[in-house]
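This report is meant for someone meeting the structure for the first time, and it moves from single residues to the protein as a whole. Please keep the sequence and the model in view while reading.

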Amino acid sequence: MEKVIHENKKRTLVKALIYRFWIIITTYIMLLVTGKDYDTAILPAVVINVIWTISHYLYDRIWLRIKWGIDN
């Protein structure tokens, strides 16, 4: 029998921030590889990922409220 895990908001936020930090780094590297210089690659990498971090956090919190697919 599987246990249902209830995740608190702090854990969701930490997971989202760590994941997004990783994505910022990989986005930055991707922009460098595609021809951007260091100065023009960092701003889009950060701005895009700040927005996506907030979106990911909210998405994860919404799914924690959906009971579909969770056996009691």
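Is I18 buried or exposed? The model is a predicted one, and in it I18 is exposed, because its relative accessible area is 58%, above the cut-off of 50%. This residue is found in helix α1, and although I18 and T53 are 35 residues apart in sequence, their C-alpha atoms are 9.6 Å apart in space.

**Overall picture**

The secondary structure of the protein comes to two helices and zero strands. Of the 72 residues of the protein, 21% count as buried, and the accessible surface comes to about 6,300 Å², of which 68% belongs to carbon and sulfur atoms. Among the contacts in the protein with a separation of 6 or more, 62% are accounted for by residues 24 or more positions apart.

R20 is buried yet has no salt bridge, and the nearest side chain of opposite charge, that of D60, is 11 Å away.

**The aromatic pair**

A search of the whole structure finds one aromatic pair. It is formed by Y59 and W63 and is edge-to-face, with 6.5 Å from centre to centre and 65° between the planes. Both residues lie in helix α2, four residues apart, which is about one turn of the helix. An α-helix has 3.6 residues a turn, so residues three or four places apart point the same way.

| Residue | Relative accessible area | Class |
|---|---|---|
| I18 | 58% | exposed |
| Y59 | 52% | exposed |
| W63 | 37% | partly exposed |

Within the pair, then, Y59 counts as exposed because its relative accessibility is 52%, whereas W63, at 37%, is partly exposed.

Conventions
Residues numbered from 1 in each chain as written. Predicted model: local features only at pLDDT ≥ 70, side-chain atom pairs only at ≥ 80, totals over all residues. Heavy atoms only, no water. Phe/Tyr/Trp six-rings, centres within 6.5 Å; stacked < 30°, edge-to-face > 60°. Buried < 20%, exposed > 50% of the residue type's maximum accessible area, 1.4 Å probe, protein only. Contact = heavy atoms within 4.5 Å. Areas by Shrake-Rupley, 256 points an atom, 1.4 Å probe, with all protein chains shown as cover. Lys, Arg positive; Asp, Glu negative; His and termini not counted. Salt bridge = Lys/Arg side-chain N within 4 Å of Asp/Glu carboxyl O.
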